[in-house]
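Today I'm paging through a protein model to see how its parts sit together. Here is what I had on screen.

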Amino acid sequence: MKKLKAAILGSGNIGTDLMYKLERSSYVEMSVMVGIDPQSEGLLRAKERGYQALHTGIDGLVAVPEAFDIVFDATTAYAHIEHARKIEALNKRMIDLTPAAIGPFVVPAANLTQHLQQTNVNMVTCGGQATIPIVYAINEVVPLDYAEIVATVSSASAGPGTRANIDEFTRTTALAIEQVGGAKKGKAIIILNPAEPPIMMRDTIHVLTSEEGHDVEIVEAIHNIVKVVQQYVPGYRLKGMPIVEGKKVTITLEVEGAGDFFPSYSGNLDIMTAAAAKVADELAKMAVTAQ
């Protein structure tokens, strides 16, 4: 089966980890790594592994359109605006790992196939990928009036891109909680924890249901959706049983990374790259079916 050739924009932590995940894909083939610093670790590793490594940014990438079918943007929300315009002009597909949210939100456990005909899809945020499946699962049982998530990640796993995108993180995640999760009102908070040794990603989810009396179904739905996420993020797990108190439901999660490039505590970064690779695989399957 012919694989889709992939280019990664951004040679930082997320782009480098994504490279390793794409190497395991049966449907997508790593082809080009793009950065702006010729000495960045991501570009050096890509070159060592036999891939094309460009340090001339988006302009260098668009000069070699034959080298890729799909582009992953692992830069910043601000930069993605220009990147999206230039890639769309080439009639190429794009998976956005920034909180720019130009394209529709995709959370694999909730709406994997819903928007894959779009040229640009957005992977929300690490907090969104971790928590929205839970919000979505509960909303399938009983409508949610409100959902609030608190994502706590190690400060050591928050690179320059993550820190530059914090405002976009809160807005984009809250919007996706509503649009994908189904809550009438969403709110998102991120905490960078400086503890040493670094902590694993922890997420707390609070929801208010529209009515009481669905305790058993809610808990069952939560456990079922956790198994779905674990298919592409094995380190995704509940921390304790969900707590149902009338209309209020509280869930705590932990996300352990696979250790491809990041330390295992960087589950916040790992879940983004794993989710993006999952979406790319589905895009590639659709492309084969369409042929």
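**Where the domains meet**

I started at the interface of domain 1 and domain 2, where the rule finds 2 salt bridges (a side-chain nitrogen of Lys or Arg within 4 Å of a carboxyl oxygen of Asp or Glu). I also looked up Arg24 and Asp260, whose side chains meet in a salt bridge at 2.9 Å, N to O.

Before going on, I noted that this is a predicted model, where local features need pLDDT of at least 70 and side-chain atom pairs count only at pLDDT 80 or more, while totals for chains, interfaces and linings use all residues. Residues are numbered from 1 along each chain as its sequence is written, and side-chain values use heavy atoms, with hydrogens and water left out.

Next I checked the bounds: domain 1 is 4–123 + 271–290 and domain 2 is 126–265, as set by an automatic or database domain assignment. Their centres, taken over C-alpha atoms, are 24 Å apart.

How many residues touch across the two domains? I found 28 residues of domain 1 in contact with 25 of domain 2 (contact means heavy atoms within 4.5 Å).

Then I clicked on Thr152, which is in strand β7, residues 144–154 (a strand is a DSSP run of E, at least two residues, numbered from the N terminus). Is Thr152 buried or exposed? I put Thr152 down as buried because its relative accessibility is 17% (buried means under 20% relative accessible area, with a 1.4 Å probe and protein chains only). Leaving aside neighbours within four places in sequence, Thr152 has contacts that include Ile191, Asn193 and Arg202.

Technical notes: Helix = DSSP H or I, 4+ residues; strand = E, 2+ residues; numbered from the N terminus. Buried < 20%, exposed > 50% of the residue type's maximum accessible area, 1.4 Å probe, protein only.
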